[in-house]
Amino acid sequence: MTEVFAPATLGPITLRNRVIKAATFEGRTPDALVTDELIDFHRETAAGGVGMTTVAYCAVAPGGRTDRHQIWMREEALPGLRRLTDAVHAEGAAASAQIGHAGPVANAASNRLPALAPSRMFSPLGMRPMKVPDEPQIRELVTAHADAARLAERAGFDAVEIHFGHNYLASSFLSPLLNRRKDRYGGSAANRARFVREIACAVAEAVGGRLAVTAKLNMEDGVRGGLTVPESLQVAAWLEADGALDALELTAGSSLLNPMLLFHGDAPRHEFAKVLPGPARWGFRMVGRGFLREYPYREAYLLERARQFRRELAMPLILLGGITNLDTMRLAMHEGFEFVAMGRALLREPNLLRRIQSDEAARSACTHCNLCMPSIYTGTKCVFRLDQRPDAVALPDPVRAAAKPR
């Protein structure tokens, strides 16, 4: 208990404990700007006791969003972001902004701008070919990340998390499957890692040690021909040697090709099919079982992969995936991880950490049904939280008791 909930240093900042709210798209920015609902979402998590909460998908460019409703970092967004960080700080937590470019995961039809990919690809979201950036455009994207970090600092954020995971743009450059370039940004592992290294160094230089700089890095893509653990270990070693990052958050999976490797638990195929727009719904019904694969849930399900990074690296690491109770947090600390990140458990119970501090035996009510995943289109939530369902009827206690963790 003492180790998990004691203050901890992350680069230039100190967090009140070692638990970070992971970036999970909130679905509360219909005009690509901060709303009161988004502020309340993060205020509630901060009041629940996390050391730091992460605002998800602050795109570095308008075409870098998965759809046009997500925030992109610009002057117009600054006042709302400042209100958000002020609200989080008032609850005693730090605030991080996840910055990045969705790349192949961007919806060009929604954004009305081309999606980007390292090599020629067809976008199943935008139903059109993606644009392949040349080297001058890549340099512009690196600068865009640095500019987004500067704006995050002006908005009062304590940290930025660079998105190098899930086959978003930077992650897709790391993938041998998706990156078939013949220039300095393709081919060898060193060339494919050039983009992420340039971004990390540019962001670190932009904030000058005043903000913590972390990155969410794929340990593997989980698809044949994609990034593997040994290749990712080499990338992580290069990032460590560059000295631009204060910590790595280790993740896995591909939003483009295998999203369930990140989540584990039930695969909500039927629920996703219902909420997707027409053409996407038809396509999903054809390929949904192969796209949403099912991985049984267990506590700390990414730990086995992450151990390899802990053995090879000296820099601080953040363990993600299946962190729901004090025993698992203690296990992460025992294994040498400096921080843990929580996602779905805090959607279910934003005050879970307060409960754990009051009762070491407390267990999360999250069942890992993953029905929160399709809710991103209407405001990300746990569908079993009655306070987020105005039409809900309280379940009888026996029914509640039957919803045991799987």
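Begin by selecting G336, which sits just after helix 14 and takes a positive phi of about 100°; helices here are DSSP runs of H or I with at least four residues, strands are DSSP runs of E with at least two, and both are numbered from the N terminus. The model in the viewer is a predicted one, in which local features need pLDDT of at least 70 and side-chain atom pairs count only at pLDDT 80 or more, while totals for chains, interfaces and linings use all residues. Residues are numbered from 1 along each chain as its sequence is written, and side-chain values use heavy atoms, with hydrogens and water left out.

**Helix 14**

**The barrel**

Now show the strands: eight of them close into a barrel in the order 3-4-5-8-9-10-11-12, with parallel pairing, where two strands count as paired if DSSP finds at least two bridges between them. Neighbouring strands of this sheet are turned by 30° against each other on average, direction ignored; axes are lines fitted to C-alpha atoms, for helices over the stretch in contact, and angles run from 0 to 180 degrees between N-to-C directions. To look at one pairing, select strand 4 (residues 52-59) and strand 5 (residues 94-100), which run parallel over six bridges, and find T54 opposite S96 in strand 5. Helix 8 (residues 194-207) packs on the sheet, touching strand 5, strand 8 (159-164) and strand 9 (212-218), and its direction makes about 170° with that of strand 8; touching, or contact, means heavy atoms within 4.5 Å.

**Two salt bridges**

There are 20 salt bridges in the count, each a side-chain nitrogen of Lys or Arg within 4 Å of a carboxyl oxygen of Asp or Glu. Select E44 and R385, whose side chains meet in one of them at 3.0 Å, N to O. E44 belongs to helix 2 (residues 36-47) and R385 to the loop between helix 16 and helix 17 (397-402), so the pair ties together parts that are 341 residues apart in sequence. E44 is partly exposed at 33% relative accessibility, whereas R385 is buried at 7%.

Move on to E220 and R305, a salt bridge whose closest N and O atoms are 2.5 Å apart; both residues are buried.

**The last stop**

Finish at T380, which is also placed in the loop between helix 16 and helix 17 and is buried, at 4% relative accessibility. A polar atom of the T380 side chain lies 2.4 Å from the backbone oxygen of F25. Leaving aside neighbours within four places in sequence, T380 is in contact with residues including F25, E26, G27, R28 and F41.

Note on methods: Buried means under 20% relative accessible area, exposed over 50%, partly exposed in between (1.4 Å probe, protein chains only). A polar contact is a pair of N or O atoms within 3.5 Å; within protein, one must be able to donate a hydrogen and the other to accept it, and residues adjacent in sequence count only if both atoms are side-chain atoms.
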